[in-house]
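User: I would like to go through a structure with you, region by region. Could you take my questions as they come?

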Amino acid sequence: MAWFKRKEKGITTATEDKMDVPKGLWYKSPTGKVIDADELERNLFVSPEDGFHVRIGSATYFEILFDNNEFIELDKNLTSKDPLHFVDTKKYADRLKDVMEKTKLKDAVRTGVGKSKGKEVVICCMDFAFIGGSMGAVVGEKIARGINHAIKNKLPFVMISKSGGARMMEAAYSLMQLAKTSVKLAQLAEAKLPYISLCTDPTTGGTTASYAMLGDINISEPGALIGFAGPRVVRDTTGKDLPEGFQTSEFLLEHGFLDFITPRKELKDKINLYIDLIQNNPVR
């Protein structure tokens, strides 16, 4: 008898004894490179094989930028309401509740105040995990309050954008945030305080049309998707084929929409360098 024939039927293995490979041990980049998950995390979620920047959230950006990851979070319990009683595939109120439980976030932006390379700075950072980083009334309000804090305490302001655009469930309330945040940034400029805007993958829609492109210096991570409307909409509107690499950070840098492309490992040094240069301070 062949050795591989089973003589007994009905043999089973208890679930706790099965040797399954745990999830999350490996990450495969879009170019097909496979990276150990722990190595990827140590490399700030940038693939060492091809330089691909994996999307990260506010917690990781704060850890990268704030000294010893020490900061005070402003307005952390501010949450969205449902003034329009909006319903699509589910009630907006229910969607908010579900996404809060899933992500452990209150909304699509967080504001931190702390020291970066020894000097205090205000950083607002968006989270794509919260309804695609969509910009609703709470996002606009938290950014506005973050700018107010910067003006009051004479601190530089950094905005990290990662958004699919305006939040349709809030309709005009969402669109009003474009003007609201733009006015606040004008007040920041009048106070002669630096504003550094970092566009990450993706930065689209009303976010791009407002605060994301109003920085004293506009920077981006490599390979980020940045634009107002999607490529299909632009193609259908213009009736023309789009250039290769259209709406990538590299394309925008080449055409003057960005000042610099900054790899994630260099973010802390570069952002503080720009702040020092704008304020005519000794370079740290």
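**A loop lysine, the sheet and its helices**

Analyst: K90 lies in the loop between β3 and α3 (92-103); helices (H or I, at least four residues) and strands (E, at least two) are DSSP runs, numbered from the N terminus. This is a predicted model, in which local features need pLDDT of at least 70, side-chain atom pairs count only at pLDDT 80 or more, and totals for chains, interfaces and linings use all residues. Residues are numbered from 1 along each chain as its sequence is written, and side-chain values use heavy atoms, with hydrogens and water left out.

User: Is K90 buried, exposed or partly exposed?

Analyst: K90 is partly exposed, at a relative accessible area of 29%. Buried means under 20% relative accessible area, exposed over 50%, and partly exposed in between (1.4 Å probe, protein chains only).

User: And what is K90 in contact with?

Analyst: With neighbours within four places in sequence set aside, K90 is in contact with R95 and D98. Contact means heavy atoms within 4.5 Å.

User: Turning to the sheet, what is the order of the strands?

Analyst: The order is β3-β4-β5-β6-β7-β8-β9, in an open sheet of seven strands with mixed pairing. Two strands pair if DSSP finds at least two bridges between them. At the edges stand β3 (72-74) and β9 (260-261), each with a single partner strand, so one side of each has no neighbour in the sheet.

User: Why is strand β5 largely enclosed?

Analyst: Strand β5 (residues 119-126) is largely enclosed by the rest of the structure because six of its eight residues are buried.

User: How do β4 and β5 pair?

Analyst: Strand β4 (residues 109-116) pairs with β5 in the antiparallel sense, over eight bridges. R110 stands opposite C125 in β5, and K115 stands opposite E120 in β5. The hairpin of β4 and β5 has two residues between the strands, and K117 takes a positive phi near 55 degrees there.

User: How many bridges join β5 to β6?

Analyst: Four bridges join β5 to strand β6 (residues 157-163), and these two strands run parallel. The chain passes from β5 through helix α4 (residues 137-153) to β6 in a right-handed β-α-β crossover. Right-handed here means that, with the strands pointing away from the viewer, the path from the first strand over the helix to the second runs clockwise. In β6, M159 is the bridge partner of C124.

User: Which helix does α4 pack with, and at what angle?

Analyst: α4 packs with helix α5 (residues 171-190) at an angle of about 5 degrees, and their axes are 9 Å apart. Axes are lines fitted to C-alpha atoms, for helices over the stretch in contact, and angles run from 0 to 180 degrees between N-to-C directions. α4 is therefore roughly parallel to α5 (angles under 35 degrees count as roughly parallel). Residues making the contact include A144, I147 and I151 of α4 and T181, L185 and L188 of α5.

User: A change of topic: where is T262 found, and is T262 buried or exposed?

Analyst: T262 is found in the loop between β9 and α8 (267-278). T262 counts as buried, at 1% relative accessibility. Not counting residues up to four places away in sequence, T262 touches I219, S220, E221, P222, L267, K270 and Y274.

User: Finally, how many helices and strands does the protein have?

Analyst: The protein has eight helices and nine strands. Of its 284 residues, 42% are buried.

Key:
Parallel < 35°, antiparallel > 145°, perpendicular 65-115°, else oblique.
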